[in-house]
Amino acid sequence: MLIPCLACESRFVPDEYFRACSDYNRGLDLVSWTCPRCGNRDDLRVLPGELGFGYPYRGRFAVYVRLRVPGLSRKRGDLRLDISLDAGRWRVPTRIRQCV
Ligand SMILES: [Zn+2]
């Protein structure tokens, strides 16, 4: 299946889509996604069988749009999120914030 950008409605194959994920935030359980086409940045949560789009609200991440992606699964690590769909595997690392 193709996964759309919610801003420009371009559609991406899963490999292109999930490689555009970055900065797994384990606390809020979300990743950042930057559209390779239009540059729009979205926060999204990878869930079993779906993607959840939303925004941080009062210290939580509120999902307001769900997009079904059959077969999607994820595994949360301490410093990364592993995403899998069919034969594809993607690893989204946590950005290490350095304390100065
Ligand atoms: Zn876009």
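**Close-up views of a predicted chain**

View 1. Asp86 counts as exposed because it has 10 C-beta neighbours inside 10 Å, and the cut-off for exposed is 12 or fewer. The model is predicted. Asp86 is found in the loop between β9 (80-85) and β10 (88-93). What is the phi of Asp86 near? The phi of Asp86 is near 50°, a positive value in a residue other than glycine. Most residues other than glycine have a negative phi.

**View 2. Glu9, in a loop between two strands.** Look for Glu9 between β1 (3-4) and β2 (11-12). Is Glu9 buried or exposed? Glu9 counts as exposed, because it has 9 C-beta neighbours inside 10 Å. Its backbone also deserves a look. The phi of Glu9 is near 65°. That value is positive, and Glu9 is a residue other than glycine.

**View 3. The elements of the chain.** The chain has one helix and ten strands. In what order do the elements run from the N terminus on? The order is β-β-α-β-β-β-β-β-β-β-β. The chain is as compact as a globular protein of its length, because its radius of gyration is 13 Å, close to the 13 Å that the globule rule gives for 100 residues. Along its principal axes, the C-alpha trace spans about 40 × 25 × 20 Å.

View 4. Buried residues make up 17% of the 100 residues.

Conventions. Residues are numbered from 1 along each chain as its sequence is written. This is a predicted model: local features need pLDDT of at least 70, side-chain atom pairs count only at pLDDT 80 or more; totals for chains, interfaces and linings use all residues. Helices (H or I, at least four residues) and strands (E, at least two) are DSSP runs, numbered from the N terminus. The radius of gyration is taken over C-alpha atoms; the globule rule is 2.2 Å times the number of residues to the power 0.38. A residue is buried if 20 or more other C-beta atoms lie within 10 Å of its own, exposed if 12 or fewer, and partly exposed in between; C-beta atoms are placed from the backbone.
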